4 protein chains.
Amino acid sequence: MGNTFGHLFRITTFGESHGGGVGVIIDGCPPRLSLDISEIQQELDRRRPGQSKITTPRKESDTCEILSGVFEGQTLGTPIMIMVKNKDTRPQDYDEMAKKYRPSHADATYDAKYGIRNWQGGGRSSARETIGRVAAGAIAKKILKQVANVEIIGYVTRIKDLEAAIDPATVTLEQVESNIVRCPHPDRAQQMIQLIEDIRDQGDSIGGVVECVVRNAPTGLGSPVFDKLEADLAKAVMSLPASKGFEIGSGFAGTLLTGSQHNDEFYIDDTGAVRTLSNRSGGVQGGISNGELIILRVAFKPTATIRKEQKTVTREGEETTLAAKGRHDPCVLPRAVPMVEAMVALVLCDHLLRHHGQCRTLNPED
Amino acid sequence: MGNTFGHLFRITTFGESHGGGVGVIIDGCPPRLSLDISEIQQELDRRRPGQSKITTPRKESDTCEILSGVFEGQTLGTPIMIMVKNKDTRPQDYDEMAKKYRPSHADATYDAKYGIRNWQGGGRSSARETIGRVAAGAIAKKILKQVANVEIIGYVTRIKDLEAAIDPATVTLEQVESNIVRCPHPDRAQQMIQLIEDIRDQGDSIGGVVECVVRNAPTGLGSPVFDKLEADLAKAVMSLPASKGFEIGSGFAGTLLTGSQHNDEFYIDDTGAVRTLSNRSGGVQGGISNGELIILRVAFKPTATIRKEQKTVTREGEETTLAAKGRHDPCVLPRAVPMVEAMVALVLCDHLLRHHGQCRTLNPED
Amino acid sequence: MGNTFGHLFRITTFGESHGGGVGVIIDGCPPRLSLDISEIQQELDRRRPGQSKITTPRKESDTCEILSGVFEGQTLGTPIMIMVKNKDTRPQDYDEMAKKYRPSHADATYDAKYGIRNWQGGGRSSARETIGRVAAGAIAKKILKQVANVEIIGYVTRIKDLEAAIDPATVTLEQVESNIVRCPHPDRAQQMIQLIEDIRDQGDSIGGVVECVVRNAPTGLGSPVFDKLEADLAKAVMSLPASKGFEIGSGFAGTLLTGSQHNDEFYIDDTGAVRTLSNRSGGVQGGISNGELIILRVAFKPTATIRKEQKTVTREGEETTLAAKGRHDPCVLPRAVPMVEAMVALVLCDHLLRHHGQCRTLNPED
Amino acid sequence: MGNTFGHLFRITTFGESHGGGVGVIIDGCPPRLSLDISEIQQELDRRRPGQSKITTPRKESDTCEILSGVFEGQTLGTPIMIMVKNKDTRPQDYDEMAKKYRPSHADATYDAKYGIRNWQGGGRSSARETIGRVAAGAIAKKILKQVANVEIIGYVTRIKDLEAAIDPATVTLEQVESNIVRCPHPDRAQQMIQLIEDIRDQGDSIGGVVECVVRNAPTGLGSPVFDKLEADLAKAVMSLPASKGFEIGSGFAGTLLTGSQHNDEFYIDDTGAVRTLSNRSGGVQGGISNGELIILRVAFKPTATIRKEQKTVTREGEETTLAAKGRHDPCVLPRAVPMVEAMVALVLCDHLLRHHGQCRTLNPED
């Protein structure tokens, strides 16, 4: 039951890194959304391997097909199935992994839980599984855009110790996409790229932080007490491969302030709306969006797959060593950006539909 | 639908801070667990207000009743309903709040979402709602203890900038409970208590960090890809009032390491089990527990309610100021400890039941 | 997890027939519904034991309390907890049942599943559990009435072989409530009452059929393919104690017709609406309501508890006999009517909220 | 959210009758089940169109592919995706249906709910959607067989008014499959086939009743109070296209008996097991299986699509007539048999996993 996410806008993904393919069923998409496959492909292209010199060289065009739920360019309100066939698989690269567990990978735990695993690549724990999420996220983004002009923009704010100060209020998608590391600070981005290349050349890997901002999120999204917006956002991004931490608004740093420093005082803006003077809450109070920018951050650990030799054990319980040979990313951050955006979009869209209902979200008069 | 948590071990809470009472229905508890109400009361006592000089003086004994699901001292496998009646309510303290929104509270967002709120105290967003969680967590803890000797221990590692280094492998419940701030470092604890008192005397508040360790967690818990153990843990604790951040294992700090520094190398221990030399994964790899210590941290912001005057607005849209008069905690951390433990227990117990089944968890031969 | 029903309008019930009490948490009720406890009590009074000479003489006033979710006469959008304390319990009546399984009751299966049961009365399998459902159903009915003037009327159409032809288009609640058997055909009703008394005097019991009509159901309710309206209705009523069969529209009798006899031809009515000339579909086509009367029937078996001696076995595996002594209904039908109505209301309200969203159902402008 | 069924053994289907294809994701299948695609194909062949002279002549081989979740002939515990591409589509046959609503079909209600529909064939409401269910059911059957030697056998007991008395205790799959109408009474089967041919030649259609028996069902399956076994079975089969009624055990006929006639008296069998002398309960008491045969019946209406001219209306609201031209079944019963079996298997397997847990169902030592 762990492969389904969301309630009213609900996705179920399938697929291993090697095998027939990967994809998603989206259940609950409002009807009569105009949808072109290129809109989905565009997001997948931001996620796909081989997109730049700092990502894994695995060659996958990740070309998607829509097999149901869309008719004459419009959604039907029925399940939308989107899939990508696996192509550039080289199972021979993984022969060694049939026997040895890769450190800090899911090989050992899948074996412990299921007593079996697809050892060709990461199997189900591969980041390839996120194709379905990103495809579904593209649709969620479009709905949010259409209903309330919601914008969701993710970007890299830190690679290892290289940090960039980005203004979430003004950052644009164009700035993010202007370089291959997806850090909208041009100078810092170049340093980050250099650092990733250096680390890769050493046979090592690094991690960092993705920040994501949501602009124009409607007030009132989130369902206390367990399905608070920040709780659902936390689950969403912590289900991404390699994530180790989550923050909303002031996050861990906010614990260094006093209440009088931290609280977001209220005022009435020109339009008569209730607003806050600061935004340490990160756009959510009591689990419900308050109309301010929603701002969250996700920590991604350094890629577990490295060429350096490491101690490990075999399935049969013998100690040995392993130096990875398969293709891999030296740093997941650039490709994690569209994944974070997708997960954030899925959460917001689900709560939007809880608020509006499936059929009335896009067509309020129905 | 946001008031239910868990799948096989599933809780639904109810209640506002003022009104008839608060409580929980626990659905899916395995049958034939011996259960005494004192075991639940004991956990509630760790959560209740008025327990020490650094918590809110609100007087609530929080005495619980079990109304169903237990017969002759044993669970029936049917829903267990536990409730606490509200007693020391002083709605008059909150008159001002009927009109004014408290900064960084949920008053404004509840009004925005529902068009109505119980303004006597925090209503549904009050930490009082967590009584049901802690009561259910007491049962989850007992099941985990009985099935696999699982221990869940939470403790304060930081109050504002006062940090304590605690060894999660050896910390004991007795150490945690030996002082009122629940920091198992005696000297640091005294400094923390002093700081909380000073801040309270200034009419202000502070936050901090709770760490929680799980010992003896069985291998194999967690349901990739969306219900990864760390994802469910993140959602669980981020649904607690005042939480702003979550980390598992190396967390945000782990992003400063390289892969070769961060990876947990494997070895075979004396018993022939697969173990890791380090534990930056925090006991979870690929969303599944690996048998090492599960270690997580939660950031809690400074309490929003403060006596200092702050800018705010009225329900009618006028700017004004507010200085809180109701009783409140100057720092939620000491009382947050049992809440974090409870949420962690609920997640683990749910995954344990997914693995074992409701009826076979305690009685494998059934 | 079997004690929760519904998705957006979701109820969770608790309680055994003997013990602290029984009740329900309703999660997802739209905010700002005016709600008076008398509206709930009124429905409970139609369900309660001791209401007439043909029901069980167990004396329970079934007086309900609302403990959360309602403030100053209006729903808050937060969970509504409603409970009834158990009063007239006579566990001594059930001593024999601690050891012997009552034929066609759930005693043996609860023991087989859980290894334990509350043998005082029916425990969790008692019809007393339906108090929570009827209370929640009262709220669901009110929402449906307010949003679309929906009327839900149940009535007895058959007791054993005494059948009454009732016109679902015109039957009124007053007609149903005009006699104690709840059959809106006055003459037949008297015969039914006489039959029930005769059977009771013989120490035996009987069953029958409840029909339920929904008038003014909005078009478009139901979520194909699994949550078709008739599928959810079937589950809802088949979860009631003693139900053995379900039909919608033409039901089993419809299988005797040809397609040309059975199909509901379309026409356009005066208002321009698409309507059907006949209604063998029972108001649902393809799992979605079509605006015609929704008509369903439920078969209830004769009450299992009878005074006549029957063969049975003990918990310890010995053959014996049993003649029931506890108080019981000779025929569940009169009290089943409000239960069926409640379950139908819960299903419709859940689908209404899926269509409209929680917050917009009553307040479309939100 | 209506396209997912089950909790621990959970399926999500996708696909319209015309378009890319149809299929299913199965989430929660226990790992290490040996699985060959021919086992699934075999069940699909019992469901496919064109299988005999009394089914629709639409030519679809319904050849399935497994795209994930199976590795080297064994299930991985990860989602299994199975799909069938659509082939013999003749959208031109349906041109008229773009404008006209077919009586007693879902055309009008889909339009009312979604404001759009795929009018090529039945779209999402086509019986073609059940391919995913039957494929998933094949796996559920295999698990049930392997864990407890459970047998699930469906068969036709009535076509219009032609009824066959079948002994559920002894009927075999071979008997069912020995003729094209799937009625294991050879003489009656021939009469039924003749009747279907006659009706088809008249341009009309007929319905009937499918009975299904489960043998060797483990005691203890079912989760009161809402997820009673009979409630989940009712929902399962009432979600099949064309079903109008459901009965378990004595069903509607049982309401004609008195309690003393209807009750199933207990005895102790040779093995010391608690058994019942009769089985009017249909293998379920209080929502939990009791180890006796589970027996249920489903009413299927006459196929809605007929060649006879009928009154209908256009999408634009004009009255007109329609005589269907597309290919269709004159009677759905023969093909409904594997569908009913599949749904019954899915329900039982889900409850089996609730009882045993995902990972321990097939591998109890894990």
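Visitor: Is Asp107(A) buried or exposed?

Guide: In this predicted model, Asp107(A) counts as buried, at 4% relative accessibility. Buried means under 20% relative accessible area, exposed over 50% and partly exposed in between, with a 1.4 Å probe and protein chains only.

Visitor: What conventions apply to the numbering and the values?

Guide: Residues are numbered from 1 along each chain as its sequence is written, and chains are lettered from A and ligands numbered from 1 in the order in which they are written. Because the model is predicted, local features need pLDDT of at least 70 and side-chain atom pairs count only at pLDDT 80 or more, while totals for chains, interfaces and linings use all residues; side-chain values use heavy atoms, leaving out hydrogens and water.

Visitor: Which side chain meets Asp107(A) in a salt bridge?

Guide: That of Arg102(A), at 2.8 Å from N to O. A salt bridge here is a side-chain nitrogen of Lys or Arg within 4 Å of a carboxyl oxygen of Asp or Glu. Arg102(A) is buried too, with a relative accessible area of 6%.

Visitor: How many salt bridges are there over all chains?

Guide: The search of the whole structure finds 120. One of them joins two chains: Asp232(A) pairs with Lys235(B), with the closest N and O atoms 2.6 Å apart.

Visitor: How much area do chain C and chain D bury between them?

Guide: About 7800 Å², of which 61% is on carbon and sulfur atoms. Buried area is the accessible area (1.4 Å probe) that two parts lose on being put together, summed over both. Phe226(C), Lys244(C) and Phe266(C) supply 11% of the area that chain C buries against chain D, more than any other three residues. The contact, meaning heavy atoms within 4.5 Å, takes 104 residues from chain C and 105 residues from chain D.

Visitor: How many salt bridges lie between chain C and chain D?

Guide: The count is 4. Among them, Lys235(C) pairs with Asp232(D), the closest N and O atoms being 2.6 Å apart.

Visitor: And what about chain C against chain A, how many residues are in contact?

Guide: 10 residues of chain C touch 10 residues of chain A. These two chains bury about 860 Å² between them, 55% of it on carbon and sulfur atoms. In chain C, the residues that lose the most area to chain A are His355(C), His356(C) and Arg360(C), together 47% of what that side buries.

Visitor: Which residue of chain C comes closest to the rotation axis?

Guide: Gly357(C), whose C-alpha lies 1.9 Å from the axis. Chain C can be laid on chain A by a turn of 180° and a shift of 0.0 Å along the axis, with an RMSD of 0.0 Å. The copies meet through the same surface, because 100% of the interface residues of chain C are also interface residues in chain A.

Visitor: Finally, what does Ile139(B) touch?

Guide: Leaving aside residues up to four places away in sequence, its contacts include Phe9(B), Ile26(B), Cys29(B) and Leu33(B).

Definitions and conventions:
Copies are superposed by least squares on the C-alpha atoms of residues with pLDDT of at least 70 in both.
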